[in-house]
Amino acid sequence: MRLKEYLIDSLMNLTSDGIVIVDVNGSVLEVNKKFEELHGWTREEVIGKVLPMVPEHYKADALRLYQSLINGEQIKNFEALKLRKDGSAFYASVTVSPVKNTEGLVIGFVGVERDISEKKKAEEELLEREKQFRKLLKLNPEPIALHMDGFIQFANDACCKLFGGASSDEFKGRSIYDFFCPNDKHLIKARLQQVMQADLDGYSEFIERKMRKLDGTFFDAEISSTYVYKNMGNPVVQSVIRDLTERKKSEEAIIRSEKLSLIGQLAAGIAHDIRNPLTSLKGFVHLLKSKNTDYVDVMMEELEHINYVVNEFMTLAKPHLNYFIESKVLELVQSVIGFLKPHAHLYNVQIQLEMDQEIPIIYCIPDQIKQVLINVLKNAIESMVSGGVIQISFRSSLNQFLVISVKDQGIGISEERLTQLGEPFFTTKANGTGLGLMVCKRIVEGHGGKLSILSKINQGTTVEIELPIVNSIYQI
Ligand code: ADP
Ligand code: MG
């Protein structure tokens, strides 16, 4: 019997949990060493007493629990604040079991307390850190949205402002595709898929896209997405959106001013081109007076030509809508060749178009592509001081790009000059702006393409304009 008591006593004091045994009135019958440690009372101080272990504001809860205990129910792993002798408190996970006599009546309770202060502290720290992280994200000056499965979970203040919302709630739960052009859905989806397939921290380069504000208006933006963490197995993606409105505006101003200067430089040739047929028209009209009407057909042709050149001139000079449409490259090239014919005549240059293959459709802003072609062709013409031939040909690369190649027989560009091309204000011409190639590059890159120049001095230059073809756009 003494051995059994000894063993029970050892058991009580070996466990790392505090144990207290009380009768139905709450008077302490026994406590173990850990209980003394946790609460700061000695065994002698507490035996026979009802201990003030429950903080004032939890008293009501405690009373409710006491009721279920009296009814014979056990309370398991209940997290509660417990008081020490000095009045301070600690977090404990508490299990209280009623003890019954042989008749099934509750005669007392055994309480086991596990100190979880450390765990609680870690939890609180985590919560605090999360709060700080949220705050950091919320107040980040870059517009940022978090989304999962294509649905927005959170939009920070800068993002709300950019899209014209008052708070994150206006975005929460909405599909990210509501904020893009419907045409872009495949592209965006494919990019997100790529980001999520990459390891954590995989991110996509910035791409330029039109985006839609809450009020339905569109603006130019660039977006990059990063796979940041998993939430219950689902990848959460963070997208950073930058407003390009201002940048686009100034870029467009440069593109436009270069265009006007280009047109201005061509005006002399065009005037010449109109004057010649006008002179012959004058002559024919004169002859018509003698009733020889066969000349009328020729007159009509000449008039058509004037009409064409003047129309093309007017279309180019007018500011146009700047949006992407599917366009036939061949038609763009042909129209530019027609337009530049007078200029080519002045330089005694012929333009040959090789079109022995089917030329794909590209997705572009036709006016801008025309502008690129005009500048590249005009440069080519002007490089041939003693005349020659310009060859325009097409080929496809990697089945994804169309390459338009413009080859001249001009003076060429030296290697050191070649590295300067594309920088603004580099020109060798008296009336040149030195902005042409820079603008061309910018336009082609804005279309997801590339402009490259190969040249040999005194042999000629080849400019290659690479543009994505329509079928490949969705696979980028
Ligand atoms: P600009 O035509 O107003 O001078 P660009 O940017 O179009 O401006 O061209 C810059 C310079 O690059 C030209 O002045 C010329 O010296 C050189 N260049 C461009 N294209 C050719 C070419 N096909 N052959 C020789 N030189 C060229
Ligand atoms: Mg030029």
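Student: Which helices each supply at least two residues of the shell around ligand 1?
Tutor: Helices α11 and α13 do. Helices here are DSSP runs of H or I with at least four residues, strands are runs of E with at least two, and both are numbered from the N terminus. This is a predicted model, where local features need pLDDT of at least 70 and side-chain atom pairs count only at pLDDT 80 or more, while totals for chains, interfaces and linings use all residues. Residues are numbered from 1 along each chain as its sequence is written, chains are lettered from A and ligands numbered from 1 in the order in which they are written, and side-chain values use heavy atoms, with hydrogens and water left out.

Student: Which helix gives the most to that shell around ligand 1?
Tutor: That is α11, with four residues.

Student: And how many residues surround ligand 1?
Tutor: There are 19, and the closest are Thr 427, Thr 428, Lys 429, Thr 433 and Leu 437. A residue is near a molecule if one of its heavy atoms lies within 4 Å of it.

Student: What coordinates the magnesium ion?
Tutor: Asn 375 and Asn 379 do, each through OD1, at 2.3 Å. Donors are N, O and S atoms within 2.8 Å of the metal (3.2 Å for Na, K and Ca), and sites may look incomplete because water is not among the atoms.

Student: How far apart are Asn 375 and Asn 379 in helix α11?
Tutor: They are four residues apart, which puts about one helical turn between them.

Student: Are they buried or partly exposed?
Tutor: Asn 375 is buried at 5% relative accessibility, whereas Asn 379 is partly exposed at 23%. Buried means under 20% relative accessible area, exposed over 50%, and partly exposed in between (1.4 Å probe, protein chains only).

Student: Back to α13. Which residues are buried there?
Tutor: Gly 436, Leu 437, Val 439, Cys 440, Ile 443 and Val 444. Seen down the helix axis, they fall within an arc of 160°, so they line one face of α13. The arc is that of the directions from the helix axis to the C-beta atoms.

Student: New topic: how many salt bridges?
Tutor: The count is 26, a salt bridge being a side-chain nitrogen of Lys or Arg within 4 Å of a carboxyl oxygen of Asp or Glu.

Student: What does Glu 382 pair with?
Tutor: Glu 382 forms a salt bridge with Lys 429, with the closest N and O atoms 2.8 Å apart. Glu 382 sits in α11 and Lys 429 in the loop between α12 and α13, 47 residues apart. Glu 382 is buried at 16% relative accessibility, and Lys 429 is partly exposed at 28%.
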